[in-house]
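Subject: Structure handover

Hello,

Here is the structure I promised you. Please open it and keep it beside this email as you read.

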Amino acid sequence: MNKDNFFTNLPLFSAEWTLLIKVLLVILLLVLFAMFIYDRFIQRKNQLLINYPLIGRLRYFFYMLRDPMRQYFGDETYYDSFEKLEWINRVSEGKNPYLSFSPSKPYGNQKTLFKHANFVKEVHEVQSEFTVTFGKHRAIPFKSRSIIGRSAMSDGSISPEGTRSFSRGAFNGHFPINTGEGGLTSNFLATLNVDDCECSDFLEIKKGTWFAKGVYKLMRVFTNREVSQRLYRKMVLRQKDKGSFIFDNIKLLYFRIDWSKPLNIFPTAVPKSIPDIVFQMGSGLYGVRDNEGNFDEVRYQKVMRFCTMTEVKLAQGAKQTGGKLLATKVSDDIAYYRGIPAHKDLISPNRFPYATDMETFFDFIERLQNLSDKPVGFKIVISSKENFEIYAKALEKRRQEGKNLPDFITIDGGDGGSATAPLEMMSKIGLPIREALIIVKDVLSNYALKDIKIIASEKVLTPDDVVELLCHGADFINIARGFMISAGCIRARECSGANGRDCPVGLATMNESKRSKFLVIEKAKHIAFYHHHLLHGVRSLLAVMGKTHVKELSMEDLTPRFKFR
């Protein structure tokens with residue numbers, strides 16, 4: 001059979017398409033003509049479209065594609081180099097991260113260089129375990145199994161599927177995960193099953209019928225886990241906040257924590273089947289507030305049965321105001337978690353309600369320490385040495401009076417990110433992290449406050465970023481952007497959900513259509529891979545710097561090529 005005979009026997013290729021093409025062209029012309037009439041003679045909101053109907057619309061089409069397509073056709077000027085982003089994508093997928101020849105950014109343009117040893121070490125001679133202990137004086141201190149954690153990102157700002165993926169990745173990768181100011185939700189407990197709890201008396205349980213279970217098992221054969229669970233959830237749960245339930249894949253039931261149950265029936269120890277969770281408390285007190293919006297001591301104690309320590313957030317890099325969650329993200333599930341009305345903009349207060357002055361604030365931190373018996377610290381952005389010395393002087397006074405001190409301070413650089421923040425806050429408030437760490441380390445040393453651990457966060461992507469902040473005095477590194485990219489973020493900058501545009505990969509949206517397609521299990525593997533390669537890269541750098549332990553790092557190991565202000 002020759003080529004012509006082959007195509008003749010296929011209806012798709014042998015059909016006459018002329019008429020269809022003509023019809024489509026006529027329809028297209030009619031639509032364009034209607035748009036021309038509307039732009040030129042009817043609408044009176046856009047003068048460009050009046051003068052240039054149709055052609056002017058190309059401007060807005062390309063403008064719409066500017067952010068999502070930026071990384072493919074333009075330079076990544078926001079980060080040190082495109083290679084850093086490519087490194088994250090490669091290691092997250094388990095690929096070889098090595099480069100050929102040279103990076104795109106000239107070596108001589110680096111702001112800081114590391115000093116290598118005359119006689120370097122082998123990687124196996126460097127410490128293999130990276131641990132940090134917070135709150136060594138608390139009744140229940142927290143020993144982190146990593147020096148790297150996922151920074152604060154609230155469930156709601158991040159999609160439920162995204163939060164579950166991060167939680168699974170943190171559990172498998174053995175690193176802490178911060179709840180963000182949205183508080184503890186069921187999605188952070190995604191790896192939990194009913195049998196993992198000491199008892200089930202504090203749980204609200206929903207069981208499926210034999211028919212529903214049969215449908216689920218049949219769907220598992222022909223589809224995948226996520227599709228099967230979505231159908232099963234609709235069959236078992238009929239309430240609006242059905243997304244607040246956790247799926248037990250062993251017993252095929254749904255459950256969530258019943259916070260109305262008495263404290264004495266809650267587990268006394270954090271279940272071993274969940275990741276190390278750092279509970280963040282923001283100005284809205286979400287997850288630990290009563291019906292009037294005041295701090296609820298008992299609810300806080302219940303939450304801390306599942307968390308390792310508490311971070312009180314006063315500020316973060318790009319958001320010196322209260323948190324902002326637009327109505328498109330305030331679903332019924334988020335309303336249930338936070339105790340607020342659904343489908344309305346959620347704008348948190350600027351000021352933390354128990355931080356009217358230094359004494360009041362640190363008394364509140366001591367109150368949390370006594371309630372939880374666990375470490376408590378706070379998160380700030382600083383603007384000057386004088387600004388931070390006010391904290392140090394207040395802490396020195398408390399020490400002299402025999403009062404509790406915070407167990408850690410999280411310093412977020414002024415270049416930190418946020419899903420929803422005003423432009424003027426993003427670009428003009430707070431010091432960059434490296435300058436801030438120099439001040440913090442110096443001041444804490446001068447006031448003999450060295451026992452307070454320092455957590456640092458700002459635009460950390462690769463192992464060299466981690467080592468540089470460790471050299472500047474950080475004890476622990478929080479990462480947001482890097483983990484976001486490892487989970488599939490393409491940096492489209494549509495996280496807020498404003499203007500009807502949502503995160504295209506389903507990671508930072510509550511849009512049911514987009515988030516339902518997020519690959520929870522696969523991305524959890526990528527997140528764990530990313531963390532693993534970060535630590536491996538840190539070990540590699542320590543080896544060539546002649547170090548065996550991160551505690552040996554200092555500013556002496558850096559060659560700065562610019563002056564700090």
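This is a predicted model: local features need pLDDT of at least 70, side-chain atom pairs count only at pLDDT 80 or more; totals for chains, interfaces and linings use all residues.

Residues are numbered from 1 along each chain as its sequence is written, and side-chain values use heavy atoms, with hydrogens and water left out.

Start with strand β13, residues 376-380. Helices (H or I, at least four residues) and strands (E, at least two) are DSSP runs, numbered from the N terminus. Five of the five residues in β13 are buried. Buried means under 20% relative accessible area, exposed means over 50%, and partly exposed lies in between (1.4 Å probe, protein chains only). In a regular strand the side chains alternate between the two faces of the sheet. In β13, Val376, Phe378 and Ile380 are on one side, with Gly377 and Lys379 on the other. Both faces are covered.

What does β13 pair with? Strand β10 (residues 309-313) runs parallel to β13, joined by four bridges. Strand β14 (residues 408-412) also pairs with β13 in the parallel sense, over four bridges. Two strands pair if DSSP finds at least two bridges between them. Glutamate 311 has glycine 377 of β13 as its bridge partner. Phenylalanine 378 has isoleucine 409 of β14.

Next, arginine 398. It sits in helix α13 (residues 385-400). Is arginine 398 buried or exposed? It counts as buried, because its relative accessible area is 4%. Its side chain makes a polar contact with the side chain of glutamate 366, at 2.6 Å. A polar contact is a pair of N or O atoms within 3.5 Å; within protein, one must be able to donate a hydrogen and the other to accept it, and residues adjacent in sequence count only if both atoms are side-chain atoms.

Now phenylalanine 483, in helix α17 (residues 481-486). Its relative accessibility is 0%, so it counts as buried. Leaving out residues up to four places away in sequence, phenylalanine 483 touches several others, including Ile148, Phe166 and Tyr530. Contact means heavy atoms within 4.5 Å. The C-alpha atoms of phenylalanine 483 and isoleucine 438 are separated by 26 Å, and the two are 45 residues apart along the chain.

Last, isoleucine 21, in helix α3 (residues 18-42). Isoleucine 21 counts as partly exposed because its relative accessibility is 47%.

Best wishes
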